[in-house]
Amino acid sequence: MIHALRKEMLLQWRTRAQMMAVFVFGASSLLLFSFAVGPNAEMLRQFSAGFMWLGLLLSSTLTLAESFHAEMENRALEGLLLLPTSPRVIYYGKALANWFQLVLLGCALFPVMVVLYDAGTMDLLRLFLVIALGTAGLSAPGTLYAAMTAQVRSKQTLLPLLLFPLIVPALLASVKATSLIVLGDPMQQLGPWIRLLAAFDAIYWSLCGLLFGRVVEE
Amino acid sequence: MTKRVLPGIVLLAIGAYFGFVVALANFNGITSLGFGIPTGIQATIAALCAVAGALFFLSVDDVGESVGAAGWLAAAGVVCFAIGSYIGLFVAPPEQYMGEVQRIMYVHVPSAWCALLAMTIAFGSAILFLLVNDWKWDARMEGSIEVGVVLAFLLCCQGAIWAKPTWGVWWDWDPRLTTTAVLLFAFLGILALRRFVDDPVKRGVWSAVATIIAYVDVPIVYFSVRWWNSLHQQQSNPGTVSKQFWLPLRANAFGILFLMVAFIMIRARISALRLKQELAPPPLAEAQLGEAV
């Protein structure tokens, strides 16, 4: 598992240009969202959490699709499956690496959101927790679906089509929690949303790991 | 008659009998037909028998037989649906507050039950396909996903038609409405996945995996949206609506249930035949093989 993770991390480090491109994509989508609303500072601040997570979600499809792209070249996935480990290890290695990358992306997009929408917070620890839990919810089913869609025609369309309806609860909870952190939480509602995110993560990290073996079997 | 059509018919007959007896008892006060069983238990028997009978029909393997059974079932469904709709539209009184608009309930509520049931059948078929690797479960899964998608789409449309005069908006971010929409898109995505994968084995396994993942999402979506926003009235079932509305509601519930099962059977047969064609060796290779032998 450590080795699988190390391999993924190395791969990501060697393709850091890709990460940079994804970040620029996310940041430019944040810029575009503000044009959709107009230069109303109060409104932008209100919607900032939603925009940030939508930007993150859109960029995540690029990251996730990329994570299996490399395995499809020269049929590298089959080689990995021949290793004397369970496919689950490969899955968790990839999902953890994707998660790490998305957390980085989230942490990088947050300052952009602060600058563009004037929606900052000093409660960085809790914000980091929400970003970590929310992106974990994206990466677990996303990695599984990327493994499927990487092998079919028109993979660019299919991954979002399958992933977006599925992660509605994670997106909802992340947006709600982030906006409670940024805009203030007078009713103490943050706890239930974070618990919901944690439950979503627990369900999908275990279920997708269980099912991954069937997805890649020949 | 195969071993499964007969118990299916018997169960459906018992279910339909008790359903109508309960409805009659509440509609016209006729209670002599119920063998003295309490109405609540009769209603439970009716619902359980209907669902169990439908499942027996679904498990018919013989292709020729299943087509005949599906035809009869669809005919029964049309009859039930016609009776229920007639009573619902012309006989049952309008609702006190919502007026005539409420009559959409007679199709809306049964559609909701059957949509969820179809998705549940898809979920069960997906698990069975992954466990036993039998192609018939793949065919049933595809059939029930498609029928479930159609029902969920109808459900959203009926909900919108009902919501406009009642709440003043076409759409509202209510938990059940939103969950249905999310479910609709999730299962549409699975159908798209099936179209894009050419290898039948991968197609079956992947769509089964996706079905399981999407189905598990349903309660989570439901609860998250409920925390987020809520307006929808409590679910309608024969317990929450006036007794005068029971008969059309039940008749339509049976009608749509029968139609749904019949459609799933026919659709499953189509995909089974398509699969057979796909898995069969191409005719040219067969001819060559024959020459070689």
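In chain A, one group of residues in helix α6(A), namely A:Pro141, A:Gly142, A:Tyr145, A:Ala146 and A:Thr149, meets A:Lys155, A:Leu158, A:Leu159, A:Leu162, A:Leu163 and A:Leu166 in α7(A). Contact here asks that two C-beta atoms, placed from the backbone, lie within 7 Å. By class, this contact has eight nonpolar, two polar and one charged residues. Ala, Val, Leu, Ile, Met, Phe, Trp, Tyr, Cys and Pro are counted as nonpolar, Asp, Glu, Lys and Arg as charged, and the others, Gly among them, as polar.

This is a predicted model, where local features need pLDDT of at least 70, side-chain atom pairs count only at pLDDT 80 or more, and totals for chains, interfaces and linings use all residues. Residues are numbered from 1 along each chain as its sequence is written, while chains are lettered from A and ligands numbered from 1 in the order in which they are written.

How do the two helices sit? The axes of α6(A) (residues 124–149) and α7(A) (residues 155–166) are 10 Å apart, at an angle of about 150°. That makes the pair roughly antiparallel, a label for angles over 145 degrees, with under 35 called roughly parallel, 65 to 115 roughly perpendicular and the rest oblique.

Now for pLDDT, the predictor's confidence in each residue, from 0 to 100:

| Part of chain A | Mean pLDDT |
|---|---|
| chain A | 83 |
| α4(A), lowest among the elements | 73 |
| α6(A), highest among the elements | 89 |

Over in chain B, 23 residues are in contact with 23 residues of chain A. α7(B) gives the most to that side of chain B, with 14 residues.

Conventions
Axes are lines fitted to C-alpha atoms, for helices over the stretch in contact, and angles run from 0 to 180 degrees between N-to-C directions. Helices (H or I, at least four residues) and strands (E, at least two) are DSSP runs, numbered from the N terminus.
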